[in-house]
Amino acid sequence: MKRKVLSVLLASAMVVSLAACGGEEASTSTTSGEGSSSESSATSTEAAGTEAAEEGSGYVLETLNMVVNGTLTATVDAGQAEFEAQWEEAVGEAIGHPIDLQIQQLDHSGYVDAVGRLFAGGDYPDVIVMSADMFKQYAPTGLLWDMAEAYDNADFQSHMILPAINENLKDSEGHLYGFAPTYGNGCVTYVKKAWLDAVGIDASTIKTYDDYYNMLLAFHNGDPDGNGVTGDTYGVVAAGFMGNEAPWINYLPEFWQDAYPALVQDENGVWYDGFQTEETKAALLRLRQAYVDGAIDPETLTASTKIAREKWFSNDQTGSAGVFTYWAGSWYQTLTDNLIKNEVDSELVQLAPIAEVGAYLNREAPVWCIIDDGDGDDSREQAIFDAFIETMMDGDTVQTLWTYGAEDVHWSTKAESFTTNPGTENEKVYEYADGEFHLKQSPNDPNSVWKKNHLDPALVVCSLDNGFADQSDLASEGNKFFTENCVDAPASPASETYTNESGTIYDAKLAAITSVVVEGGDVEAAMQTYVDTVGSIIDQCLTELNAAE
């Protein structure tokens, strides 16, 4: 394969990424179906397709290998086999021949490292989902296929409702190396209403950092869970003091405020290191004080998103926290449902951004990328685009699969009734008439109702035109709240050195954060150690970034 930056293949964890997750996420590390291992691109190409015998019919794609993180919620234990089978049937009909979809779903919190290991071993899928940060780093390497022409000529352009999302992904020469099926979304701060009531605080009075911090202290020093013990609860819990993907600060925005601990551009477009700023030092000192005071759960240092979530809505609220900043929209409903399932008071308050924060951050959109086999012939890559991306946005059957999951597994139009949480005060009966679109009980949890699959219907860039829609009032309210209180996150950097060394830079940041926040080290000394460790690398990154402007 032709590669602009071959060194990216030699590292197991050279890039820092997704998220999750919003988007969101499952935390399973799974492989679907026999042989859904990460075959190399060359090997999978051999197995996947052959030149069609008929003149003009092009490349026949028989197998499609997909690598995805937890944003595909139809996991192995939640109806993935049925999703895969229905996708194969629908897409096979659309492209005119059978196709075998092989899903390799990697653990969400370790996705970046896992992808790095796949690529380091030459195990390239056909398509892969990447966070915006990953995408910016891999785009210059030559690994990703330029789909600009395919995108411009795609059938889904006829029902595109958010064209700017992908137009803005094109580089200065018009290349498009990834497709975003939705816009990015972001996190908002959720507070347990019962805890607020227990400590006598009205959420509408939380307007400044001091207000916010005093609320956290009240949650720690009081008895918000009502077990008769003080000091056994925390103010806030998060998946890390700094996130492992852009926009980095979205899980603890009230502490970071005007700091942005990444390579970022100033108002004149000049790149600089936001970690080496007085604003970042101040943020670290705020986090340190919260750690000492018990305002922040110390498990935040190592918690994954899954651990932080489950601790927050656990049936045993001892050791839990009153505040959790997490994804907006559908997660408002999901968090509420998990509190209900665990028989915990479920009413949540979405906290308006405090004055020092101003607005929550709307992240850059995650993208789907096609791996370029480097042979100079686009027929394979075009076939992948047609089978995977074109159909994902068909406005009908396949887009429904990506949005809501498999028919009669995750959703249905057949008459039925079912009950969640039977025999409890949270018991709820659902009844639907024949022909009425509705979501079913989750395949892996009969006490919750399925929400969505990979695509959030509120965020998608192309309309779903079959009339299927099932978004709860809470999810709608959450999306509205976020869009009214957000600004776009800073753009992620992309340079050869940053692609190769971002993992090293990230590790140095974590070491500095741990030194100050957990160990109580001097912030100036920690920052100097950071500079001594990666300062020259940062300087080279900035040189490349500013030369490119």
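Helices (H or I, at least four residues) and strands (E, at least two) are DSSP runs, numbered from the N terminus. The model is predicted: local features need pLDDT of at least 70, side-chain atom pairs count only at pLDDT 80 or more, and totals for chains, interfaces and linings use all residues. Residues are numbered from 1 along each chain as its sequence is written, and side-chain values use heavy atoms, with hydrogens and water left out.

**Exercise 1.** Locate Trp248 and state whether Trp248 is buried or exposed.

Solution.
1. Trp248 is found in the loop between strand 8 and helix 9.
2. Phi of Trp248 is near 65°, a positive value in a residue other than glycine.
3. Buried means under 20% relative accessible area, exposed over 50%, and partly exposed in between (1.4 Å probe, protein chains only).
4. Trp248 has 4% relative accessibility and therefore counts as buried.
5. Pro247 lies in the loop between strand 8 (234–236) and helix 9 (253–256); the peptide bond from Ala246 to Pro247 is cis, with omega near 10°.
6. As background, most residues other than glycine have a negative phi, and most peptide bonds are trans.

**Exercise 2.** Give the phi and the accessibility class of Asp408.

Solution.
1. The loop between helix 14 (397–404) and strand 15 (411–412) holds Asp408.
2. Its phi is near 65°, a positive value in a residue other than glycine.
3. Asp408 counts as partly exposed because its relative accessibility is 33%.

**Exercise 3.** Describe how helix 16 and helix 17 pack.

Solution.
1. Axes are lines fitted to C-alpha atoms, for helices over the stretch in contact, and angles run from 0 to 180 degrees between N-to-C directions.
2. Helix 16 (residues 496–518) and helix 17 (residues 523–548) pack at about 170°, with axes 9 Å apart.
3. Helix 16 is therefore roughly antiparallel to helix 17, a class for angles over 145 degrees.
4. Contact means heavy atoms within 4.5 Å; residues of helix 16 including Tyr498, Ile505 and Val516 meet residues of helix 17, among them Tyr530, Ile537 and Cys541.

**Exercise 4.** Identify the residues that touch the most other members of the largest nonpolar core.

Solution.
1. A nonpolar core is a set of buried Ala, Val, Leu, Ile, Met, Phe, Trp, Tyr and Cys residues joined through side-chain atoms within 4.5 Å.
2. The largest one has 85 residues, of which Tyr212, Met215, Phe255, Trp256 and Trp312 touch the most other members.
3. Helix 17 gives the largest share of this core, ten residues.
4. Not counting residues up to four places away in sequence, the residues touched by Trp256 include Phe241, Pro261, Arg286 and Ile513.

Terms used. Angles under 35 degrees count as roughly parallel, over 145 as roughly antiparallel, 65 to 115 as roughly perpendicular and the rest as oblique.
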